[in-house]
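Student: Could you help me learn to read a protein model, one feature at a time?

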Amino acid sequence: MNTYSLIDYTLERYTTREVAMALGVDARTVRRWQTRETEPPPYVDDAIRQRLLPLASNASSEPAAFTFIDLFAGIGGMRLAFEGQGGRCVFTSEWDPYARKTYAANFNDGPDHVFAGDITAVHEKDVPDHDVLLAGFPCQPFSIAGVSKKNALGRPHGFADKTQGTLFFDVARIIAEKRPKAFLLENVKNLASHDKGRTLSTILDVLRNELGYTVTTKVINGKHFVPQHRERIIIVGFREDAGFSWEGLDLPEIETAPKLASILHPQDGSEPESWTFLEGAKRKVSANYTLSDKLWAYLQNYAAKHREKGNGFGFGLVTAKDTARTLSARYYKDGSEILVSQGTKKNPRRLTPRECARLMGFDDTFRIPVSDTRAYKQFGNSVVVPVIASVAKLMAPLLEEAATKKPAKTRKVA
Ligand SMILES: C[S@@+](CC[C@H](N)C(=O)[O-])C[C@H]1O[C@@H](n2cnc3c(N)ncnc32)[C@H](O)[C@@H]1O
């Protein structure tokens, strides 16, 4: 790639302002390079490679231990976990333009990798063959078990009928067509109690009885790995009974798990100058993250009112010694679920996006190319990477053999 192509490539992933900032020039200069009006100086090539390109190419020339697809990919938390086990991602689907931007800034895929948008618009035959299907499908406010009426009317039933119009249906039709060796699905713990348990039992019925997989589930709390209480249900299925068991799952003791001190900015001058949420020689957290008097008063009044009614709702005030509540995708609104105490003389502050990244188990090389609001939503929607990595570690040895095998013939399903 020459420098002009590098500039074009970068501008597909970042705004002109972000590129200008990273290269230490003004936005007009970047625009002139983009329109070929002026020639970029020689240092620009190296600076783009160092500062703006993904850190390493994901399109490795090494043969992969197994291949996988990343559905409802968000910012690629599941992908990081499965790449850690030697897997290669051959297809991604994510429709949110901002999540796509973060994903593209962190994974440098070759031309043979398809980055699709809306999965409901992708025909299952167009999805490449793969060994593992990954999907953190959103738990919509749907009831997918409302089939009794249709049954009574003598209509055909089966997963197409039971789950049509839901995003689980899209997962099921891809599994039915591609017959991957295994899958990992992730969802909120409440999936198990949604619609009195009927939603999960329909999902398991489809996976086991219609698609013929050996399926098992487990609720795992992120606080084994990170200082955050975050319970998620993990559904693992194998096409043939490969002997998968949760017994070998390596969950570090909660008692000795890291506390918030491990993710909060040390504010001692040791962190990078380029992080805009820090300021001054000590790299203190910018005052922008401290709650205004008005918002802090509102949150305290709200909590007091609910306490009177005997409800536990309210803000969550934490210190370096604590474990946080679940980071939600709404954290950008008031940050009330995790407020960091700054002593009695100062209002508490929100976490910075980098602290949220750490709270989800992303390391500091992970790029955050979007606004704070978008970043909070993306991390709040994500998986705790080491949780998925621990499951990937259990699955990987059972998959390696599959990398050389072709998927079994497509089964005819309802
Ligand atoms: C719960 S999040 C999954 C996050 C992901 N596991 C991660 O680690 O970042 C669900 C994602 O599905 C995406 N999504 C929802 N509907 C979609 C659709 N029809 N096609 C593609 N992506 C979709 C959302 O934009 C969201 O990013």
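Tutor: Gladly! Let's begin with a pair of residues: Asn187 stands opposite Ile233 in strand β7. This is a predicted model, so we will also look at its confidence later on.

Student: Which strand pairs with β7 through seven bridges, and in what sense do the two run?

Tutor: That is strand β5, residues 182-188, and the two run antiparallel.

Student: How many bridges join β6 and β7?

Tutor: Strand β6, residues 214-221, pairs with β7 over eight bridges, again in the antiparallel sense. Here Thr214 stands opposite Phe238 in β7.

Student: Where do side chains point in a strand?

Tutor: In a regular strand they alternate between the two faces of the sheet.

Student: Why is β7 largely enclosed by the rest of the structure?

Tutor: Look at burial. Strand β7 covers residues 231-238, and six of its eight residues are buried, so the rest of the structure largely encloses this strand. Over the whole chain of 414 residues, 39% count as buried.

Student: And how does Leu11 count, going by its C-beta neighbours?

Tutor: Leu11 counts as partly exposed, because it has 17 C-beta neighbours inside 10 Å, while a buried residue needs 20 or more. Leu11 sits in helix α1, residues 3-13. Leaving aside neighbours within four places in sequence, Leu11 is in contact with Thr16, Val19 and Gln34. From Leu11 to Val30 is 19 residues in sequence and 9.4 Å in space, C-alpha to C-alpha.

Student: What share of the chain's contacts joins residues 24 or more positions apart?

Tutor: Counting contacts with a separation of 6 or more, such pairs account for 68%. The chain has 15 helices and eleven strands.

Student: Which residues come nearest the ligand?

Tutor: Of the 20 residues around the ligand, the nearest are Phe72, Gly74, Gly77, Gly136 and Ser382. Sorted by class, this shell holds ten nonpolar, seven polar and three charged residues.

Student: Where is confidence lowest, and where is it highest?

Tutor: The mean pLDDT of the chain is 88, and 89% of its residues reach 70 or more. Confidence is lowest in helix α7, residues 148-152, with a mean of 47, and highest in strand β4, residues 132-135, at 98. Over residues 145-152 the pLDDT is below 50, and this stretch has eleven contacts in the model beyond near neighbours in sequence. Residues 402-414 are also below 50, with 31 such contacts.

Student: How should I treat stretches like those?

Tutor: Where pLDDT is low, the predicted coordinates should not be read in detail.

Methods: Residues are numbered from 1 along each chain as its sequence is written. This is a predicted model: local features need pLDDT of at least 70, side-chain atom pairs count only at pLDDT 80 or more; totals for chains, interfaces and linings use all residues. A residue is buried if 20 or more other C-beta atoms lie within 10 Å of its own, exposed if 12 or fewer, and partly exposed in between; C-beta atoms are placed from the backbone. Helices (H or I, at least four residues) and strands (E, at least two) are DSSP runs, numbered from the N terminus. Two strands pair if DSSP finds at least two bridges between them. A residue is near a molecule or strand if its C-beta atom, placed from the backbone, lies within 6 Å of it. Ala, Val, Leu, Ile, Met, Phe, Trp, Tyr, Cys and Pro count as nonpolar, Asp, Glu, Lys and Arg as charged, and the others, Gly among them, as polar. Two residues are in contact if their C-beta atoms, placed from the backbone, lie within 7 Å. pLDDT is the predictor's confidence in each residue, from 0 to 100.
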